[in-house]
Amino acid sequence: MANLFFTQHLLEKQDKEKFNAVPRCTKWPDCDCRLGCNCDCDFDFDFDCNYDYQCGLSATQGVAWPTCYPQTPSRETGQRKKFTRFADAPSGPIAAEFRRYINNEIPDRFIDTSTMKFVERKDIFDIFRDEIATVMDGVTAAGIKSYGRDPLTLYLQQRKRTLREIEIEIVKYATLSHRWDAAGELTYRDVTAGKHRNIAGFEKLTHFCKAAKSLGYKLAWSDTCCIDRWNGSELNQAIQAMFKWYAHSHLCIVHLAESFSSLDFDHEPWFTRGWTLQELLAPRRVKFYNKAWQPLSPDTTTNDKDDNILLRALSDATSIPEVVIAADNSKGINGRRVSEIMSWASKRETTRVEDIAYSLIGLFKVNLTTKYGEGERAFPRLVEAIMKRRPDWDVLAWVGKASQDYPAIPSSPACYPKFTEPMVSGDVGPWEFTTTNRGFLLSSLPLIPMKFESAAADEEGIFTVILKQQSNAAQRSVGTYSNVTVKCGMSQLGIIHTTKDLSLCILNYHFVYGGKWGKLRIGREYVCFLVHSEVQDGKESTWTKFTTYNSLRIVMDGPGLA
């Protein structure tokens, strides 16, 4: 890989060696033709002729090597064999990298947009072999510069990224993003059994393939029929790789089944589904079609993420910043906190309970084995996987219902309130916390002892409770703080009103002194959660988090007492 983009120089050396190894005519080096000698000496070199040259001369004109290089076989003059200048099929390090890309980075099967028949992975290289051969012959300094790179200044990782961009441009396919139809969708077995024309989803698939073909795509992919969902291994692999597959698609075609224009986005079900979140963010290019399969943007717009008006409408409908929607998210969502990403999924739904967790695997770049049937246990497993990869304190800044089996972990993304920048306050919070069989083990500032002050109920039976810091000197040694507002139900109100060990745990504080001490600032608002301890059989239990309906905030009013 290190010399991947210097293939031209290696080939020149190989060609020189091959050239020198071939018997030459008596007039050599005056006769220095590339593929065949035209001096009547009957010596033909070990290269096929009938190529078109970059210099515009044909093979019979004896073009002087090495100043001219063939590109691809001419369709008009290629009478013997149709292959590249090096071998019967593209070979070498670049071809090997294309094969690796096809075998590992894109879906197992596609739909041929012309015939609407399946195309398996093993056939994809041959479909694009002419284009790949062009890259093999064209990976020169000028060729790479056409992709916006200079090979002489590329480092290894940059060269890899450059080739990946070329691979996506060459092995092009379109993906479909849509809301599954309750009347039925085509499955892999429907298509293989020849029953697909009788299924409700056939018309949608036909329109999708027609749209993809009109935009120049030979291959298309749909999650309805391109995955054999009765094959557990294939289904698990597809769910793990789906974000990547959408990211590597050249275009994602989005069908909005209930919209005629962006004015209908408020009522469009596509924005409420769990899986469509990654289908919006992962692809670099998307194109939206309305319920009549008419594009929402002009035909000249190849990427709706470049349409400022449509981009603003997408941001309004999803609460996702425009810069995130338009960004290159192919490696996952970077530069955004866990709670913010979770808030984007908080109002989305999935048919299967487990899918609300599985649909977020790619956004957080974690591995999570699918276990359909586990129900709500899937989301706590996702949170644990996220915490192992990126222990952001705000993963604990959740409200509402706790997981049944993991009381320290929320039950779903719906527990994460709408994200606001003041939530993080520029503070880092605890960065070392682990999960144990008893819950979370984390580093914290001293807990702030609190007591019940007052409560009032609204018409829906939700209580607004005011908590006040306990007042003795020992308890104020951690500083003085504002009152805290808690919204909760009747059962939680009873515990708050009677418990003696009621405390607040601040999440987003500064680490100082090598991470051994925490620091708060007077006048700063902090995110916290409410905990209490219970006494069972004469022994104090671990701290338990209260279920609240709101995110708790507290302001430090003054320093601790000496």
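1. **Overview.** The protein's secondary structure comes to 17 helices and 22 strands. Helices (H or I, at least four residues) and strands (E, at least two) are DSSP runs, numbered from the N terminus. This is a predicted model: local features need pLDDT of at least 70, side-chain atom pairs count only at pLDDT 80 or more, and totals for chains, interfaces and linings use all residues. Residues are numbered from 1 along each chain as its sequence is written, and side-chain values use heavy atoms, with hydrogens and water left out.

2. **Whole-chain totals.** Of the 562 residues in the protein, 49% are buried. Buried means under 20% relative accessible area, exposed over 50%, and partly exposed in between (1.4 Å probe, protein chains only). The accessible surface is about 27,700 Å², and carbon and sulfur atoms hold 49% of that surface. These areas come from the Shrake-Rupley method with a 1.4 Å probe; for residues, only the protein chains shown count as cover.

3. **An open sheet.** Six strands line up in the order E4-E3-E6-E5-E7-E8, with mixed pairing. Two strands pair if DSSP finds at least two bridges between them. Strands E4 (118-120) and E8 (286-289) stand at the edges; each has a single partner strand, so one side of each lacks a neighbour in the sheet. From one strand to the next, the twist averages 35°.

4. **Inside the sheet.** Strand E5 (residues 173-177) pairs with strand E7 (residues 251-255) in the parallel sense, over four bridges. Thr 175 has Cys 252 in E7 as its bridge partner.

5. **Helices on the sheet.** Helix H8 (residues 202-214) packs on the sheet and touches E3, E5, E6, E7 and E8. Its direction makes about 145° with that of E5. Helix H9 (residues 232-248) also packs there, touching E3, E5, E6 and E7, at about 110° to E5. Contact means heavy atoms within 4.5 Å. Axes are lines fitted to C-alpha atoms, for helices over the stretch in contact; angles run from 0 to 180 degrees between N-to-C directions.

6. **A covered helix.** Helix H13 (residues 338-345) is mostly covered: eight of its eight residues are buried. Among them are Glu 340 and Trp 344. The buried residues pack against helices H10 (276-281), H12 (322-326), H15 (361-364) and H16 (378-389).

7. **His 532.** This residue sits in strand E18 (residues 525-532). His 532 is buried, at 5% relative accessible area. Trp 543 is eleven residues away in sequence, yet 5.5 Å away in space, C-alpha to C-alpha. Leaving out residues up to four places away in sequence, His 532 touches several residues, including Ile 495, Asp 501, Trp 543 and Phe 546.
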